[in-house]
Amino acid sequence: MVALAPLPPAADGLDAEVDLLVIGAGGCGLVAALAARAGGAEVAVVEKLDRFAGNTMLSSGSIPAAGTRLQRAAGIDDDPARFAADLRRVAGPHDADPLVDRLAAVSADLVHFLLDEAGVALTLVTGYRHVGHGVCRLHAPPSRRGADLVADLERAAAARDIPIAFGNPAVALLVADGAVRGAVTESAGGGTARIGARAVLLACSGFGQSRPLRDRFCPDMAAIPHFGAIGSEGDAVTWGELLGARLGNMAAFQAHAGVAQPHGALVTWTVIEKGGLVVDDAGARFADESLGYSAFAERVVAHGRPTFAVYDARIRDVTAVGQPEFGELVTQGGARAAATVADLAGLIGCPEAELAATLHAAGEAARGAAADRHGRTAFGLGPLAPPYVVTRIAPALFHTQGGLVVDGDARVLRPDGSAIPGLYAGGGAACGVSGRRGSLGYVSGNGLLSALGLGFLAGRAAARAAAAARAGTAAAPLPVSNDVTIQREGISR
Ligand SMILES: Cc1cc2nc3c(=O)[nH]c(=O)nc-3n(C[C@H](O)[C@H](O)[C@H](O)COP(=O)(O)OP(=O)(O)OC[C@H]3O[C@@H](n4cnc5c(N)ncnc54)[C@H](O)[C@@H]3O)c2cc1C
């Protein structure tokens, strides 16, 4: 359990001082550190785990952005208004509505910053449109691995001498006169350090790993396992509540319907978008797969039966070329081939006649000869053809989408709309833009949009505030309010 602690009365009670202290070395924290440094700020990052192991590492690194030069070069006409409209169409009304326009507007600048300033390798994914997006706008590492995104960000941080202290969890925020002014960290050897800062960014992700917080805020996902990073223990939510922050969209989450069983690897939804189907252990479809991997996971939970991704060798091969992680699953025997419908039924363990009827009906819909009874209209490469391929799949929770409500500079807000001085939040720590409840509101890339977008905004804002404070101009210090009570002193975990 994390806590609050009083700032020592004199600077010599501190072990270090920086302009911005970033808690969490994921996508949000690393981008914030780079943006803050680009703005001239002194910044340091502390990380709970002994290596990079957050959700950003687990992701495919796909970042949505509208109006980038990569899109223009590909002849794609896009702009922030279209992007924001797509996000709102899927998510509906929610507690972070103003952030939708802000994140859409900054998304192209973010991608250009990653390319030009940070040297991150990104390409525009043009093979297909992702779930919820009206045009191709996902920018991803060529490998489609979040680990490569993080490796590029780490290289950029090292080139700028930005310190990243691994194995150093922040265990308490230092607070003075209602303003956050640093943090206490613990080291592996049991020692503690007090790091003073003009501002602190909570980039420490969501609460998927915390059973009590999940049960309290997000009971809809109680039945499914957490597939996300172990560091997502909800520290930001705990600190936010201690400081009187407003929480928003707490019951929203990103899920995925396609975790391969028993391999535990991801069956990328690309195999479904390219024409694959999801059937149950009776050989029947039960929902529109084009809802997307996150929304479909809710349908699977409601259906309550074992599920199988059914595709064919063309889809398997074309997907494996572009997405090495799926290629590894294929190599490990996670995609089993069947020459006939009878063989396929045997692998699933369902009646052949039912499965044949399902494939026939879906084929008619894919050919445009009949309407799909589940409402699906896009079938990618069209009717499935032998040899068929099947993978047993199950749903999992990826990432919570609720958190601390922030303004357009990622400053943490109280219920009355005022900012808590010195405190920023982004990524999984902040209230996301994926609707108020459940997994239906998640659009592909919403996780990294919020992580990298808010990190970018927080880093720039913190650098501006630090520069103003140094210059003694009116912009700083941020207004300090005395209405925050330190509820727990000292360090406790
Ligand atoms: C399998 C998977 C695939 C995904 N694919 C995509 C995708 O392609 N596109 C997309 O947009 N989103 C995707 N997401 C969601 C996305 O990964 C997250 O939304 C995003 O990475 C969150 O970034 P973050 O920086 O907030 O958190 P993280 O990357 O999780 O980083 C937070 C860090 O903070 C550390 N930390 C926690 N508490 C403390 C503490 N007290 N002190 C110090 N450090 C602390 C954690 O250990 C962690 O390293 C995926 C998620 C999963 C699980």
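1. Of the 39 residues around the ligand, those that come nearest are Glu-47, Thr-56, Ser-60, Asp-235 and Leu-448, a residue being counted as near if one of its heavy atoms lies within 4 Å of the molecule. The model is a predicted one, in which local features need pLDDT of at least 70 and side-chain atom pairs count only at pLDDT 80 or more, while totals for chains, interfaces and linings use all residues. Residues are numbered from 1 along each chain as its sequence is written, and side-chain values use heavy atoms, with hydrogens and water left out.

2. An N or O atom in the side chain of Ser-60 is 2.5 Å from an oxygen atom of the ligand, and an N or O atom in the side chain of Glu-47 is 2.7 Å from an oxygen atom of the ligand. For Ala-170, a backbone N or O atom lies 3.0 Å from a nitrogen atom of the ligand. On its own the ligand has 1,000 Å² of accessible area, of which the protein covers 98%, as given by the Shrake-Rupley method with a 1.4 Å probe.

3. At least two residues of the shell are supplied by each of helix H1 (27-38), helix H2 (55-58), helix H8 (235-243), strand S16 (388-400) and helix H15 (446-471); helices (H or I, at least four residues) and strands (E, at least two) are DSSP runs numbered from the N terminus. The largest share, 4 residues, comes from H15. By class, the shell divides into 16 nonpolar, 20 polar and 3 charged residues, where Ala, Val, Leu, Ile, Met, Phe, Trp, Tyr, Cys and Pro count as nonpolar, Asp, Glu, Lys and Arg as charged, and the others, Gly among them, as polar.

4. The axes of helix H4 (residues 80-91) and helix H5 (residues 97-116) come within 8 Å and cross at roughly 140 degrees, these axes being lines fitted to C-alpha atoms over the stretch in contact, with angles from 0 to 180 degrees between N-to-C directions. H4 and H5 are therefore oblique to each other, since angles under 35 degrees count as roughly parallel, over 145 as roughly antiparallel, 65 to 115 as roughly perpendicular and the rest as oblique.

5. Most residues other than glycine have a negative phi, and most peptide bonds are trans. The peptide bond from Gln-261 to Pro-262 is cis, with omega near 5 degrees, and Pro-262 is found in the loop between strand S12 (251-260) and helix H9 (270-273). Pro-386 and Pro-387 are likewise joined by a cis peptide bond, with omega about 0 degrees, and Pro-387 lies in the loop between helix H14 (352-367) and S16. Arg-144, although not a glycine, has a positive phi of about 60 degrees.

Methods: Polar contact = N/O pair within 3.5 Å; in protein donor to acceptor, adjacent residues only side chain to side chain.
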